[in-house]
Amino acid sequence: MNLRIFDSTDELMSAAARTIVESHARTVALSGGSTPQPLYTLLGQQLCDEQMTWVVVDERYVPVDDPQSNAGMINQTLFRNGMPPSHRFLRFHTELADPQKTVETFEAEWRAYGLDNLDVVILGVGDDGHTASLFPGTPALQVEDRIATAVFVEKLAMWRVTITKPVIRAAKLRIVLVTGASKREVLTKVRDGATEYPIAQATQGVETWWFVDRAAAPASTP
Ligand code: 6PG
């Protein structure tokens with residue numbers, strides 16, 4: 001496991017931003033949640049003028065102005081100072097009020113953009129080992145023939161829409177951001193070879209860099 005441990009969140013996010021900028025990635029998929037927000041703010045302060053396509057990894061099925069919206073969070077962090085005209089933002093149109101139609105529209109836009117394998121996918125991980133909106137035991141984890149899918153997540157009692165595991169695995173690079181003690185157990189199990197977790201299934205055997213803070217660092221990491 002390509003693991004880098006950081007003593008502070010600031011150092012972790014600066015290193016992740018540097019990695020993305022220096023990779024000259026042109027297609028970057030962005031997970032939601034709380035962990036990546038400082039990274040997106042940092043990236044938003046150094047947006048290049050070359051063509052870039054930013055893709056939302058997954059979405060809670062809420063309006064974009066809902067505080068839970070990942071696209072809304074990205075607008076307020078990465079695009080806080082606006083989006084350069086050479087950049088494109090592919091999000092899930094939850095305003096369609098039909099998860100399956102939202103997925104089909106996302107896939108149509110993906111194809112219209114001419115997207116293929118993403119350069120970078122930024123992932124988080126839940127303490128249950130989910131990533132994107134690929135939750136343990138849900139059918140979304142088994143979808144192999146679509147770019148995106150919709151899933152009703154019982155434990156959250158909400159619809160989610162997400163890019164699929166094959167899309168995540170086909171990217172050139174996955175960067176997983178892990179902070180906080182609540183993630184230590186699942187990270188330790190994945191580091192030790194557990195395969196049942198979605199984050200393991202999305203990253204095993206493909207180039208993945210783990211940016212981890214001290215609190216989340218697996219046991220017996222020097
Ligand atoms: C989402 C994310 C999700 C997230 C994990 C971790 O929409 O919530 O895409 O997969 O990465 O739930 O969330 P935190 O970063 O908030 O711990």
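Student: Which residues of helix 2 meet helix 3?

Tutor: Contact means heavy atoms within 4.5 Å, and helices are DSSP runs of H or I with at least four residues, strands being runs of E with at least two, each numbered from the N terminus. Here Q37, Y40, T41 and G44 in helix 2 meet M73, I74 and T77 in helix 3. This is a predicted model, in which local features need pLDDT of at least 70, side-chain atom pairs count only at pLDDT 80 or more, and totals for chains, interfaces and linings use all residues. Residues are numbered from 1 along each chain as its sequence is written, and side-chain values use heavy atoms, with hydrogens and water left out.

Student: How many residues of this contact are nonpolar, polar or charged?

Tutor: The contact of helix 2 with helix 3 has three nonpolar, four polar and no charged residues. Nonpolar covers Ala, Val, Leu, Ile, Met, Phe, Trp, Tyr, Cys and Pro; charged covers Asp, Glu, Lys and Arg; the others, Gly among them, are polar.

Student: At what angle do the axes of helix 2 and helix 3 cross?

Tutor: Axes are lines fitted to C-alpha atoms, for helices over the stretch in contact, and angles run from 0 to 180 degrees between N-to-C directions. The axes of helix 2 (residues 37-44) and helix 3 (residues 70-77) cross at roughly 45° and come within 8 Å. Helix 2 is therefore oblique to helix 3, since angles under 35 degrees count as roughly parallel, over 145 as roughly antiparallel, 65 to 115 as roughly perpendicular and the rest as oblique.

Student: At what angle do helix 1 and helix 2 pack, and which residues meet?

Tutor: Their axes are 9 Å apart, at an angle of about 50°, so helix 1 is oblique to helix 2. M13, S14, A16, A17, I20 and V21 in helix 1 meet P38, L39, L42 and L43 in helix 2. By class, this contact of helix 1 with helix 2 has nine nonpolar, one polar and no charged residues.

Student: What is the volume of the largest pocket, and which residues are closest to its centre?

Tutor: Rolling a probe the size of a water molecule over the atoms shows where empty space is left. The largest pocket has a volume of about 300 Å³. It has 20 lining residues, and G32, G33, V125, G126 and H130 are the closest to its centre. The lining of the largest pocket comprises three nonpolar, 10 polar and seven charged residues.

Terms used:
On a 1 Å grid over the protein atoms alone, a cavity is a set of points where a 1.4 Å probe fits but cannot get out, and a pocket is an open set with protein on both sides within 12 Å along at least five of seven lines; lining residues have an atom within 4 Å of a point. Grid points are joined across faces, edges and corners, and a volume is the space filled by probe spheres set on the points.
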